[in-house]
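Dear colleague,

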Amino acid sequence: MAISVFDLFSTGIGPSSSHTVGPMRAAGMFVRRLKQDGTLARTAAVRAELFGSLGATGHGHGTPKAVLLGLEGKEPHTVDVARADLDVERIRATGRIRLLGEEIGPAHEIGFDASADLVLHRRRSLPYHANGMILFAYDADGVPLLEKTYYSVGGGFVVDEEAAGADRIKLDDTVLPHPFSTGDELLRLARETGLSVSALMLENERAWRTEAEIRAGLLEIWRVMDACISRGLGREGILPGGLKVRRRAAAAARALRSEGDPQARAMEWITLYAMAVNEENAAGGRVVTAPTNGAAGIIPAVLRYFIEFVPGADDDGIVRFLLAAGAIGLLFKENASISGAEVGCQGEVGSACSMAAGGLAEVMGGSPAQVENAAEIGMEHNLGLTCDPVGGLVQIPCIERNGMAAVKAVTAARMALRGDGRHHVSLDKVIKTMKETGADMKVKYKETARGGLAVNVIEC
């Protein structure tokens with residue numbers, strides 16, 4: 001199985017990669033399948049049922065909105081975030097939905113009652129994964145035209161029931177020059193070739209794209225990340241969802257600027273960068289899934305720290321950072337999970353912290369062994385982290401948690417760079433431990449909003 005860095009870093013819409021980006025993609029896949037089968041014109045009704053974590057926290061994570069937009073043919077990386085809520089309001093107010101939108105024209109509008117045709121099962125789950133959904137299409141006589149089950153398995157990745165039993169993501173049989181699926185294999189290849197982690201990843205990426213395309217694509221990813229930070233640092237107000245959580249990054253940034261000497265306050269800036277991104281994510285803005293939306297602030301914050309506070313930082317460093325972080329991320333994706341609904345927040349914030357630590361160690365001159373060590377430290381100290389969003393929203397504790405993990409990633413990288421790469425706990429062992437810990441974790445602590453802070457804060 002081959003995973004590209006562009007699978008792990010993709011532009012999307014907040015607030016959740018598994019609850020917003022994935023379901024939007026799944027709904028789009030469903031209506032495009034109808035068109036492919038030649039049954040779209042006969043479709044008179046559609047129905048969507050959400051299960052597990054999608055059902056339990058779907059409203060707070062924007063899943064119904066994502067499904068409606070997906071049925072209208074919207075894509076996470078191109079959807080107009082400023083119009084998205086207006087489109088959803090139109091569907092709900094008119095009781096009509098435009099399958100595949102302008103692509104097929106108004107003649108294929110159908111009736112759609114969002115309160116009846118979009119069902120959230122709060123206590124029922126599907127067998128393969130906690131983020132499951134079933135979509136149905138019927139003709140005018142109520143005869144079924146298509147039924148498909150999809151699973152949103154984290155980071156915006158989607159599989160249907162036909163692929164679910166085979167693996168977590170769609171298999172890609174691209175032949176890579178330096179295939180690796182474990183940290184040990186990555187280190188062995190680095191020793192044998194003399195290449196850095198980012199250089200190895202670059203050679204693998206060239207199986208899909210030219211080097212110029214890879215570089216341009218990664219710099220565009222950074223542009224979107226950086227723009228998200230800037231928007232978050234410039235916006236104030238109350239986040240949507242009913243908890244009345246106020247944005248804090250902008251006011252804190254103003255205060256920090258007034259204190260002068262940013263070098264002395266670098267760690268505080270990292271925290272604010274991460275919070276700015278996740279406030280934007282919580283507001284349904286444009287973010288980069290890195291590797292999930294719930295953890296989207298960590299890698300941008302650490303990368304901006306590199307640019308602003310590390311001498312010699314340049315575009316080449318940005319590309320190398322993202323390649324090295326991607327190499328670490330694919331190990332988590334392939335050997336464990338990046339889904340909070342499957343393994344808790346350790347799979348989201350923990351994975352992102354590990355990726356950011358590895359990326360920073362790479363661009364600060366770390367050897368492959370030091371990069372692996374940094375990634376291991378970043379994950380080891382996030383083991384057992386639960387996913388218990390208050391109100392089912394990606395706000396408390398998610399926004400602050402990104403800020404804390406970004407600082408932790410920088411600390412992990414610097415600790416690793418002070419050593420020689422030798423350490424007792426390998427990255428492979430900590431990934432295995434994370435997966436096992438997630439399996440042992442009670443369901444109420446895995447993005448269901450039925451345990452931990454999610455209930456204690458409400459009760460208070």
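Strand 2 and strand 5 pair in the parallel sense, over 3 bridges. Within this pairing, Glu-49 has Val-119 of strand 5 as its bridge partner. Please note that the model is a predicted one.

Two helices pack on the sheet to which these strands belong. Helix 2, residues 17–37, touches strand 2, strand 6, strand 7 and strand 8, and its direction makes about 150 degrees with that of strand 7. Helix 3, residues 52–61, touches strand 2, strand 5 and strand 6; its direction makes about 95 degrees with that of strand 2.

The sheet itself is open and has 5 strands in the order 5-2-6-7-8, with mixed pairing. Strand 5 (118–120) and strand 8 (157–160) stand at its edges; each has a single partner strand, so one side of each is left without a neighbour in the sheet. From one strand to the next, the twist averages 20 degrees.

Strand 6 pairs with strand 2 (residues 45–51) in the antiparallel sense over 7 bridges, and Ala-137 in strand 6 is the bridge partner of Val-46. The pairing of strand 6 with strand 7 (residues 144–154) is likewise antiparallel, over 7 bridges. There, Leu-135 stands opposite Lys-148 of strand 7. Strand 6 and strand 7 form a hairpin with 5 residues between them, and Gly-142 in the turn has a positive phi of about 80 degrees.

Arg-32 is found in helix 2. With a relative accessible area of 29%, Arg-32 is partly exposed. Its side chain makes a polar contact of 2.9 Å with the side chain of Glu-75. Leaving aside neighbours within four places in sequence, Arg-32 is in contact with Gly-73, Glu-75 and Leu-100. From Arg-32 to Val-288 the separation is 256 residues in sequence and 25 Å in space, C-alpha to C-alpha.

I turn next to the nonpolar cores. The largest has 89 residues, and those with the most contacts inside it are Phe-9, Leu-218, Met-225, Ile-299, Leu-322 and Leu-360. Helix 14, residues 315–335, gives the most to this core, with 12 residues. Apart from this core lies another, of 36 residues, among them Ile-13, Leu-71, Ile-91 and Leu-99. Not counting residues up to four places away in sequence, Met-225 touches Phe-9, Val-288, Ala-290, Ile-299, Pro-300 and Leu-322.

Thr-292 is found in the loop between strand 9 (286–289) and helix 13 (298–309). Is this residue, Thr-292, buried or exposed? Its relative accessibility is 0%, so Thr-292 counts as buried, the cut-off being under 20%. A polar atom of the Thr-292 side chain lies 3.3 Å from the backbone nitrogen of Ala-295. Not counting residues up to four places away in sequence, Thr-292 touches Ser-17, Gly-155, Ile-338 and Glu-348.

Finally, the record. An unreviewed UniProt entry carries the annotation "domain: Serine dehydratase-like alpha subunit" for residues 192–454. Over residues 192–454 the chain is 62% helix and 2% strand, and the end C-alpha atoms are 49 Å apart.

With kind regards

Technical notes: Residues numbered from 1 in each chain as written. Predicted model: local features only at pLDDT ≥ 70, side-chain atom pairs only at ≥ 80, totals over all residues. Heavy atoms only, no water. UniProt positions renumbered as here; feature names shortened; annotations may be inferred. Helix = DSSP H or I, 4+ residues; strand = E, 2+ residues; numbered from the N terminus. Pairing = 2+ DSSP bridges. Core = buried A, V, L, I, M, F, W, Y, C linked by side-chain atoms within 4.5 Å. Buried < 20%, exposed > 50% of the residue type's maximum accessible area, 1.4 Å probe, protein only. Contact = heavy atoms within 4.5 Å. Polar contact = N/O pair within 3.5 Å; in protein donor to acceptor, adjacent residues only side chain to side chain. Axes fitted to C-alpha atoms, helices over the stretch in contact; angles between N-to-C directions.
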